[in-house]
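Colleague: Please take one part of this model and go through its side-chain surroundings closely. I would like the cut-offs stated as you go.

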Amino acid sequence: MTTPQDRQDRQDRQDRQDGHDPRRPGGSPARTERQRARRRRILDAATRLASAGGFDAVQMREVAETSGVALGTLYRYFPSKIHLLVAVLHDQLEQLRANLRDRPLPEPDPAARLAHTLRRAFRAHQRDPRLAEAMMRALLFADRSAREEVRGVFRLTTAILLDASNLAGEEIPGRLSTVRVIQHTWHAALVSWLSGQITLEQAQADIETVCRLLTVPAPPD
């Protein structure tokens, strides 16, 4: 019979043989196929638990058991529940970016394209509000130990917004401040909606309002 310690010892041996850090960013070629598969199982397990019960339902021991990894191995990949849920948010954003690439936006106007993108993201959160609440709580609770993971979320969000805007390359440097304001408003509107402070209609109206900042001429250099 395989015990948790047996599983831990086996995974320790595998990681030593691979000679790689499982916490490296997802796109790193240094992560082996075995590590990527293990990380995928962990993220899927955490996502299912959060979808079923929200932030409090994501317990590290249960994530380890559900994903079939030893608890010590899980902590090597994700040092805390906060790190794990921020990684789940990053994973969800990667899926959103892939979906946007598969289903191009019809609007020619950058502001309308951004508003469409963020409405689409809100619809996903409507379908799974417990998961959305868990991810946003983790983002808000993250401390300096999760700084790189949080930066990764913000970089990816910026990339999604720039992709959606379809701005010409020479326009992007002068619009980064505007994109950051849109990103901050999106996160604030999402948190306010999840906590019941505003309605979905108000959240969407706020997002459409801030997206119109892209119609304002960029300041001169």
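Modeller: Not counting residues up to four places away in sequence, A142 touches I82 and V150, where contact means heavy atoms within 4.5 Å. This is a predicted model, in which local features need pLDDT of at least 70 and side-chain atom pairs count only at pLDDT 80 or more, while totals for chains, interfaces and linings use all residues. Residues are numbered from 1 along each chain as its sequence is written, and side-chain values use heavy atoms, with hydrogens and water left out.

A142 is placed in the loop between α7 and α8 (147–165); helices here are DSSP runs of H or I, at least four residues long, numbered from the N terminus. With a relative accessible area of 23%, A142 is partly exposed (buried is under 20%, exposed over 50%, partly exposed in between, using a 1.4 Å probe and protein chains only). A142 is also 7.5 Å from H83, C-alpha to C-alpha, although 59 residues separate them in sequence.

The structure holds 2 aromatic pairs, a pair being Phe, Tyr or Trp rings (for Trp the six-membered ring) with centres within 6.5 Å; planes under 30 degrees apart count as stacked, over 60 as edge-to-face and the rest as tilted. F55 and F141 are edge-to-face, because their ring centres are 5.8 Å apart and their planes lie at 85°. F55 is in the loop between α2 (33–53) and α3 (60–67) and F141 is in helix α7 (residues 129–141), so this pair ties together parts 86 residues apart in sequence. F55 counts as buried at 9% relative accessibility, whereas F141, at 49%, counts as partly exposed.

F122 and W193 also form an edge-to-face pair, 5.7 Å centre to centre with 65° between the planes. Here F122 of helix α6 (residues 110–127) is linked to W193 of helix α9 (residues 172–194), 71 residues apart. F122 is buried at 0% relative accessibility, and W193 is buried at 17%.

Returning to F55, the charged end of K81 sits over its ring, 4.0 Å from the centre; the criterion is NZ of Lys or CZ of Arg within 6 Å of the ring centre and within 35 degrees of the ring normal.

Terms used
Helix = DSSP H or I, 4+ residues; strand = E, 2+ residues; numbered from the N terminus.
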